[in-house]
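Here is a friendly walk through a two-chain model, written for someone who is new to reading structures. Have a look at the picture first, and then follow along.

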Protein chains: 2
Amino acid sequence: MVTIKNREIVLLQRPEGMPREGDFALRQAEIPVCGDGSVIVKTLYLSVDPYMRGRMSGVKSYIAPFALDEVITGGVVGEVVETRYADLRAGDIVVGTLGWRDYNAADGRELRKIDPALAPVSTALGILGMPGLTAYFGLLDIGKPSAGETVVVSGAAGAVGTVAGQIAKLKGCRVVGIAGSDAKTGYLVNELGFDAAINYKPTPDLKNALKEACPGGVDVYFDNVGGFISDTVVTLLNYRARVVLCGQISQYNMSKPEPGPRVQPILLVKSALMKGFIVTDYADRYDEGVRGLGLWLAQKKLKYTEHLVEGLENAPRAFIGLFTGENTGKQIVKAR
Amino acid sequence: MVTIKNREIVLLQRPEGMPREGDFALRQAEIPVCGDGSVIVKTLYLSVDPYMRGRMSGVKSYIAPFALDEVITGGVVGEVVETRYADLRAGDIVVGTLGWRDYNAADGRELRKIDPALAPVSTALGILGMPGLTAYFGLLDIGKPSAGETVVVSGAAGAVGTVAGQIAKLKGCRVVGIAGSDAKTGYLVNELGFDAAINYKPTPDLKNALKEACPGGVDVYFDNVGGFISDTVVTLLNYRARVVLCGQISQYNMSKPEPGPRVQPILLVKSALMKGFIVTDYADRYDEGVRGLGLWLAQKKLKYTEHLVEGLENAPRAFIGLFTGENTGKQIVKAR
């Protein structure tokens, strides 16, 4: 008889600045018991996302902080291996918010069943999941791009940016991406059809580079990064521009907010809008979003890329890589 | 025979920082000739407004800068004294954008006739004019206050703030004003019915004072001032709050933008909206606004205060007073 083991990754201490692998620990655990109405899910893929950095700090935000010495939770795609929930059978593939574990027990009502015939199941963590929906609703509901307008996307090669930029192209916009390597900017222009892309790292004068890439100014700015990149983009906003605040990844590892030029005088003279959001603001429209994205994907109008790291034990490293620019497209950890 | 003289105020040099009277000059001028389709308007009241500071700098903005050695233009209420325009007769009272002069020639099509029976004609520069419409559209179209919500207004005792706060009260909100003297805060609470008002100048801990005045947080922030006051208010924004960027008077006299805490991380986690505007964004809805404000005024649901300075020659002083907190309500210059 083989003893099946369970493993889990816990938050050992709250990161100061950039997270380090030592902030996390891999621990042995019991296989959980399958209670009434629950299932046991074997992890196939787990998601690492920038927003999780906020939960690692002790600060109250829109989601409660992770507790110390407890398992990290996030998006997980897995296979049902035991079930006491009527609507799920062993072998079903599901997605939900679960622990970074080999095996999780989960309330069946909190899982969504995935049809593996439609697309690879890992897309439920990417283009057909939270990042795809984030791009979809943020761009369409706040950015409201019109054909002929110029859309700038920062963090453009990430899980959300790649989708936001492609949707803007589908809407007939000029799309300019900002990313942190030539491999990424090449990918944006050559694979995803962006009109231009700027590698900000070796660019001495970002404003000038943006002016060249956006000769008609900026109508929509889809902001994943914040900081000096965003300070620069907003100086090029057009009358009635829209700034979609999706993320501020450049700021997540700062222990104190960094001061910068105030944006209000610019928004004022441009009659411009800036709005923050979180994908759960649109929870009652997820079906619409998944249908829309799924249709474009089926029509081959959207492409996606996944950046895979293998092994649950490497999830902390994959997470840290989000902040050092490791990933192009959606960063996913494949369980072994 | 009496020789009628004309006088005008020109911009002598662009102010550096706070404007001084020496930046302006009073000059003798000819009475203009009344061309075909034009009228000669004798100035009764002229308006000084914070936005005019921007036009005194050489910087391109939403309106062209004032030219040096040329007359300052702004809102003027006057009496038609000569007419070659079919729809206006001598004695008619009109409002328009005219020079700071005793007598202006004006294209009849660019003037709006006022009915002196409805309200004192000077209100066409205040509650029934640009400042009133600014408050009306900014608060209702961007702020969208709902009954029971908390609305904070900065620059609350000014021409726009007094109207915005009163409209918010009419919508059933808790309204908190921020102003710069006890006379002003007393006026807001005792005369205009604000629920609370804070004199920020002697208040050592503005955040704490705001927390006390807004125990349920801030749902709408109508911002006339910018700077540290606004930095503080936004820390109290609620989920899905709206920030109406109407003015940034604290910043208008700075030669370089002052850095401050970035607002984006707050807007992000609160799913909050911030939007700039200028009243001309709503030019096609002015009639609706004037009707709405006029009705509330006739029903005595809105009060207004004018702060009068006498004499065209004192217009520069009245203008400067906007930045030193001289006025409660609408600052107007009455011609003699």
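Lys300(B) sits in the loop between helix H8 (286-298) and strand S15 (306-310) of chain B. Helices (H or I, at least four residues) and strands (E, at least two) are DSSP runs, numbered from the N terminus. Before going on, keep in mind that this is a predicted model, where local features need pLDDT of at least 70, side-chain atom pairs count only at pLDDT 80 or more, and totals for chains, interfaces and linings use all residues. Residues are numbered from 1 along each chain as its sequence is written, while chains are lettered from A and ligands numbered from 1 in the order in which they are written.

Back to the loop. Phi of Lys300(B) is positive, near 60 degrees, and this residue is not a glycine. Asp69(B), also not a glycine, has a positive phi of about 65 degrees. You'll find Asp69(B) in the loop between helix H1 (52-56) and strand S4 (73-83) of chain B. Are these two residues buried or exposed? Lys300(B) counts as exposed because it has 7 C-beta neighbours inside 10 Å, and Asp69(B) counts as exposed because it has 11. The cut-offs go like this: a residue is buried if 20 or more other C-beta atoms lie within 10 Å of its own, exposed if 12 or fewer, and partly exposed in between, with C-beta atoms placed from the backbone.

| Residue | Phi | C-beta neighbours inside 10 Å |
|---|---|---|
| Asp69(B) | about 65 degrees | 11 |
| Lys300(B) | near 60 degrees | 7 |

In strand S8 (residues 150-154) of chain B, five of its five residues are buried. One side of S8(B) carries Thr150(B), Val152(B) and Ser154(B), the other carries Val151(B) and Val153(B), and both faces are covered.

Who are the neighbours of S8(B)? Strand S9 (residues 174-179) of chain B runs parallel to S8(B), joined by five bridges, and strand S11 (residues 218-223) of chain B is also parallel to S8(B), with three bridges. Two strands pair if DSSP finds at least two bridges between them. Thr150(B) faces Arg174(B) in S9(B), and Val152(B) has Tyr221(B) in S11(B) as its bridge partner. With helix H3 (residues 159-170) of chain B, S8(B) and S9(B) form a right-handed β-α-β unit. Right-handed means that, with the strands pointing away from the viewer, the path from the first strand over the helix to the second runs clockwise.

Finally, how do the two chains meet? On chain B, 28 residues are in contact with 28 residues of chain A (in contact means that C-beta atoms, placed from the backbone, lie within 7 Å). H7(B) gives the largest share of chain B's side, five residues. Strand S14 (residues 273-276) of chain A and S14(B) run antiparallel, joined by three bridges, and Lys275(A) stands opposite Leu273(B).

Key:
Contact = placed C-beta atoms within 7 Å.
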